[in-house]
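Biologist: I am new to this structure and would like to learn how to read it feature by feature. Could you take me through it slowly, giving the general idea before each case?

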Amino acid sequence: MLDLHFVREHPDVVRDAIKKKRENEEKANVSKILATDERRRALVQQAEVLKRERNAASEEIGKLKREGKDASTRMAEVRRIGDDVQALDRQLAEVEAELTSLLEWLPNIPNAKVPVGDDATQNKEIRKHGEPRRFPFKPKTHIELGASLDVFDFPRATKIAGSGFYVGKGWGARLERALINFMLDLHTREHGYVECQVPVLSNRTSMRGTGQIPKLESDMYGIDGSTQFLIPTAEVPLTNLHNGEMLKESDLPLYYTGHTACFRREAGAAGKDTAGLVRVHQFNKVEMVKIVRPEESEAELESLLLNAEEVLKRLRITYRVVLLCTGDLSFGSAMTYDIEAWAPGLERWLEVSSCSNFGDFQARRANIRYRGADGKVKFVHTLNGSGLALPRVLVTLVETYQTAEGTVQIPDVLSPWLAGGGLVIDAPKRIVP
RNA sequence: GGAGGGAUGGCAGAGUGGUCUAAUGCGCCGGUUUUGAAAACCGGUGACCGCAAGGUCCGGGGGUUCGAAUCCCUCUCCCUCCGCCA
């Protein structure tokens with residue numbers, strides 16, 4: 001959420017952001033907000049004048065009564081004021097609710113470093129790590145490998161739950177578990193994050209806090225008449241750990257990581273990536289969240305990105321880092337880097353991580369503040385990034401490390417997390433060693 | 001699931017219809033003192049809205065009243081006990 005003062009004082013900056021982000025100008029409506037704010041301030045003034053009168057009169061009545069005098073005419077008068085106050089307060093509550101819901105539709109302002117552009121084609125490549133691997137044979141896709149090695153089962157997942165799910169089986173499941181532990185250990189032992197086990201269900205307040213509600217409500221699975229939702233990312237519970245809290249400056253920065261299942265309807269993506277692991281309704285993800293002082297958030301984004309990249313470096317997977325242009329930037333983000341890993345079988349780059357700086361956008365919504373050394377209350381800045389999304393890492397891993405024989409050579413770096421197991425995925429019942 | 005108790009500023013905690021403009025303590029900030037620090041003493045110190053005067057806020061919402069932290073209803077959360085249970 002943007003600061004109302006900021007919107008009032010810099011409406012053009014906000015309008016510019018809406019345009020550059022290709023947001024719906026009907027819903028993200030600055031003029032309507034300014035008009036509603038005017039109405040609200042007029043009502044506040046009217047109500048306050050009356051309240052002042054009422055307070056003075058009530059005090060007087062108290063005095064009269066203590067002195068044993070009659071106060072009935074005064075009381076009748078004040079009663080009328082009270083009725084007016086109540087009517088004004090009702091109107092004010094309505095206008096304020098309207099204003100808040102309008103404000104919730106305003107996107108965050110992009111950082112000045114973000115290139116202006118319409119869509120993903122205008123994103124800017126920042127760096128590349130490794131080269132796409134060349135094969136002396138035609139590499140298979142993870143779907144083909146998954147079937148021949150019996151490690152990913154899509155038809156049976158569809159039978160159980162519907163389309164857009166997968167079953168990891170044998171090495172497929174084991175490898176995913178090893179990757180999760182590898183990532184969590186890296187982030188906790190070497191990058192300074194505190195691991196959290198969090199609910200995969202969150203309420204409306206939390207969803208509003210991180211910005212999923214109102215804009216993305218229809219992309220989530222609601223529970224119990226939509227009082228709670230399955231989380232689309234652990235960003236929601238991890239950031240909302242501190243919802244409504246007043247932190248001490250010495251508490252900052254806070255680094256959290258956690259592994260959860262994530263659930264997405266992918267409502268707008270019907271017909272896209274329908275086969276395989278690339279786009280599924282339920283997937284595992286290791287997430288990193290940072291809660292930091294405002295002056296540090298830009299540098300914290302860079303280190304967050306490096307933390308995510310480190311996973312791919314150690315797995316020796318080819319990737320590139322892309323700075324999203326304004327048109328591709330998400331609603332609440334001020335600046336986002338995507339990490340895209342190369343999938344040799346599919347022959348395309350896959351987004352395995354998205355690292356964003358939200359500035360104070362989420363902090364305002366979730367009311368996460370801290371008291372500075374000077375005693376002043378300020379909003380924190382929040383950041384988050386995937387570290388990483390599991391299914392797509394599995395895709396790039398098995399496609400990258402496949403052999404001419406149709407087996408998969410698992411990178412050595414994972415061996416500590418595959419205790420007792422070999423490092424080659426072979427056809428069923430011939431697991432090596 | 002049943003019964004009871006509770007929610008007050010950054011924290012602890014008093015306050016059961018009228019100077020509550022919320023006591024007091026801790027913490028925090030400043031000062032005095034000190035070579036420096038601690039201690040002691042003195043002073044200051046909530047959030048939000050408003051250009052300001054001022055107004056609002058005692059878990060959320062609603063009600064009673066001239067007037068609500070205080071009374072009533074309701075929701076949420078926490079605690080104690082009982083039951084059930086991974």
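Modeller: Let us begin with what it means to be near a strand: a residue is near when one of its heavy atoms lies within 4 Å of it. Please keep in mind throughout that this is a predicted model.

Biologist: With that cut-off, how many residues surround RNA strand B, and which are the closest?

Modeller: There are 22 residues around RNA strand B, and the closest of them are Arg8, Arg66, Val78, Arg79 and Arg90.

Biologist: Which elements supply the surface near RNA strand B?

Modeller: At least two residues each come from helix H1 (4-9), helix H3 (30-66), helix H4 (72-103) and strand E14 (369-371), and H3 gives the largest share, with 12 residues.

Biologist: Which parts of RNA strand B lie within 4 Å of the protein, sugar and phosphate or bases?

Modeller: Of the RNA atoms within that distance, 69% belong to sugar or phosphate, while the rest belong to bases. Individual side chains illustrate both kinds: an N or O atom in the side chain of Arg79 is 2.3 Å from a phosphate oxygen of RNA strand B, and for Arg40 the corresponding distance to a phosphate oxygen is 3.5 Å. In the side chain of Gln45, by contrast, an N or O atom is 3.2 Å from a base nitrogen.

Biologist: Turning to a helix, which residues of H2 are buried?

Modeller: Buried means under 20% relative accessible area, and in helix H2 (residues 11-20) the buried residues are Pro11, Val14, Ala17 and Ile18. These residues lie on the same side of H2, because they cover an arc of only 125° around the axis. Among the elements that cover the buried residues of H2 are H1 and H3. Just after H2, Arg22 takes a positive phi of about 55°.

Biologist: In what sense, parallel or antiparallel, do E4 and E9 pair, and how do E9 and E10 run?

Modeller: Strand E4 (residues 194-195) pairs with E9 in the parallel sense over 2 bridges, with Glu195 standing opposite Thr257 in E9. Strand E10 (residues 282-292) runs antiparallel to E9, joined by 10 bridges, and here Phe263 stands opposite Gln282 in E10.

Terms used
Residues numbered from 1 in each chain as written. Chains lettered and ligands numbered in written order. Predicted model: local features only at pLDDT ≥ 70, side-chain atom pairs only at ≥ 80, totals over all residues. Heavy atoms only, no water. Pairing = 2+ DSSP bridges. Helix = DSSP H or I, 4+ residues; strand = E, 2+ residues; numbered from the N terminus. Polar contact = N/O pair within 3.5 Å; in protein donor to acceptor, adjacent residues only side chain to side chain. Buried < 20%, exposed > 50% of the residue type's maximum accessible area, 1.4 Å probe, protein only. Arc of directions from axis to C-beta. Contact = heavy atoms within 4.5 Å.
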